[in-house]
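User: Please take me through how the labels for this model are assigned, setting each value against its definition.

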Amino acid sequence: MRVLAVASEAYPLVKTGGLADVVGALPAALAGEGIAVTTLLPGYPAVLRAIGEAPAVLTLPDRFGPARLRRAQVGALDLLALEAPHLFDRPGNPYAAPEGGDWPDNGERFAALGLAAAEAATALGVQAVHAHDWQAGLAGAYLRHLAPRPIPTVFTIHNLAFQGQFPPALFPRLGLPAAAWSTAGVEYFGSVGFLKAGLWYADRITTVSPSYAAEIRTPAGGMGLDGLLRGRAGVVSGILNGLDDAAWDPATDPALAARFTAAAPEARAANKAALQARFGLVPDPAAPLFAFVGRLAWQKGMDLVLAALPTLLEIGGQLAILGTGEPGLEAQCRGAAAAHPGRVGAAIGFDEALARLCYGGADAVLVPSRFEPCGLAQLCALRYGAPPVVARTGGLADTVIDANEMALAAGCATGLQFAPGDAAMLAGALRHAAALIGDAALWARIRGNAMRCDVSWRRSAARYAALFREVAMAGSSVIA
Ligand SMILES: Nc1ncnc2c1ncn2[C@@H]1O[C@H](COP(=O)(O)OP(=O)(O)O[C@H]2O[C@H](CO)[C@@H](O)[C@H](O)[C@H]2O)[C@@H](O)[C@H]1O
């Protein structure tokens, strides 16, 4: 069967976060399950460069200005690019101008993506549409209201915090019937809600871990959408993200100073030394080296690490920080590095090769998120033998086995967990981690367990495939 995936990012063409990793890797994993995926992306400059002279396959209605779809095979992706230069041929990141600030016409830009998805799904005759995050949120609305035949949609939430809300004046421009301006439609607290629409019109809703699927149905985790999600609980499920284990393989990764495997991890020591050198840390093989890789945003909890820094230093630890994001946090990270030379290093920026060295060289990776739909950093850390110290939330809770007494006795621990949002508990976890790292034989066993975890897409691809088959068999249902 064929599925049309719709998203705003796909690795390696355009990436601002984990969404791109998932959209880029899932098609190859689904191919092994007999599902052919065509991926629709906005025609950003990098996307159009990648498809070169690819032919136009469909001219779209002129609703948001002239637009057409061009199709090309790019790596493992059967790619459809939405060519609409007035909307997408811009510098900066996909959502904001180079000098910062969201593009003022983001509503029109991503409505055009939703409309293109509905047109493409119909023209290609796919059996299902897989829409990702708010940018693809209107695909289901257009399919429901304008498509000549019903095509079921699966909507995946990668992060409920980004909801795509636009002023009501956008609604008349969308070309949807008046009936869609309703709580039983795209209206969301008086605005046009793209994520809300995606959730409302989807035949099935998934998110990227079972724990997050439960959390988003509670007032504490639902970010205003928990009522809708509780109402639709019967169609909500969690499917864990995976990693492309060929692209993320410490046995072959050229970004590492030395390559290694679970059976022969000795060369990790050379990566630790290289990481210490890159971050200006004291070249001490015995110092517990912690790394943080991620967006510097409230969600990711870097401020908690800074609050727990006195403990990290007291236990003789070192800290390598790789991240980019909120200017205030960036400054605090730089400040911590300046205040503790040789003990704390900060690289502010986005650097994939350095991220790989962090995973392959740190003793442990810190993932102190306040909430985390799935998280990829801890999966990379498991695969690269840096047992993660994670907040017990969302996908972090679902993917890391805490080194508690019973797990140690059973020999199955793969990392450590602590209560989310709590710097004192993080400090406690750091002390525990340092004690475990100090017991070289025990830490080697935990590291071996971590590296032998199956963090690939295999199990989850089978689950998505089953879901697509289920919705295709049932046809598109109509919400009561
Ligand atoms: N400065 C930097 N340099 C190099 N690499 C960097 C980097 N900062 C981050 N990365 C990389 O970007 C990816 C981030 O993925 P995550 O899943 O951890 O977070 P994100 O919050 O973007 O994703 C959202 O969507 C994904 C996908 O579903 C969910 O897993 C997640 O919980 C949700 O918040 C990882 O591969 C990480 O290594």
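Predicted model: local features only at pLDDT ≥ 70, side-chain atom pairs only at ≥ 80, totals over all residues.

User: Why is K15 called partly exposed?

Analyst: The relative accessibility of K15 is 26%, and buried means under 20% relative accessible area, exposed over 50% and partly exposed in between (1.4 Å probe, protein chains only), so K15 counts as partly exposed. An unreviewed UniProt entry places the feature "binding site" at K15; UniProt positions are in the numbering used here, feature names are shortened, and annotations may be inferred rather than shown by experiment.

User: What makes the side chains of K15 and D21 a polar contact?

Analyst: Their distance is 2.8 Å, and the term requires a pair of N or O atoms within 3.5 Å, where within protein one must be able to donate a hydrogen and the other to accept it, and residues adjacent in sequence count only if both atoms are side-chain atoms. The K15–D21 pair is therefore listed as a polar contact.

User: Why is the pair of Y95 and F110 called tilted?

Analyst: Rings of Phe, Tyr and Trp (its six-membered ring) pair if their centres lie within 6.5 Å, with planes under 30 degrees apart counted as stacked, over 60 as edge-to-face and the rest as tilted. By this rule the count comes to 14 aromatic pairs. Y95 and F110 lie 5.9 Å centre to centre with 45° between the planes, and form a tilted pair.

User: And what makes F110 and W134 an edge-to-face pair?

Analyst: The centres of F110 and W134 are 5.2 Å apart and their planes are at 75°, which makes the pair edge-to-face. F110 counts as buried because its relative accessibility is 0%, and W134 is buried too, with a relative accessible area of 10%. Both belong to one aromatic cluster, formed by Y44, F88, Y95, F110, W134, F166 and F194.

User: How do you know that the charged end of R356 sits over the ring of W248?

Analyst: The rule asks for NZ of Lys or CZ of Arg within 6 Å of the ring centre and within 35 degrees of the ring normal. The charged end of R356 is 3.9 Å from the centre of the W248 ring and sits over that ring, as the charged end of K196 does over the ring of W200, 5.5 Å from its centre.

Key:
Residues numbered from 1 in each chain as written. Heavy atoms only, no water.
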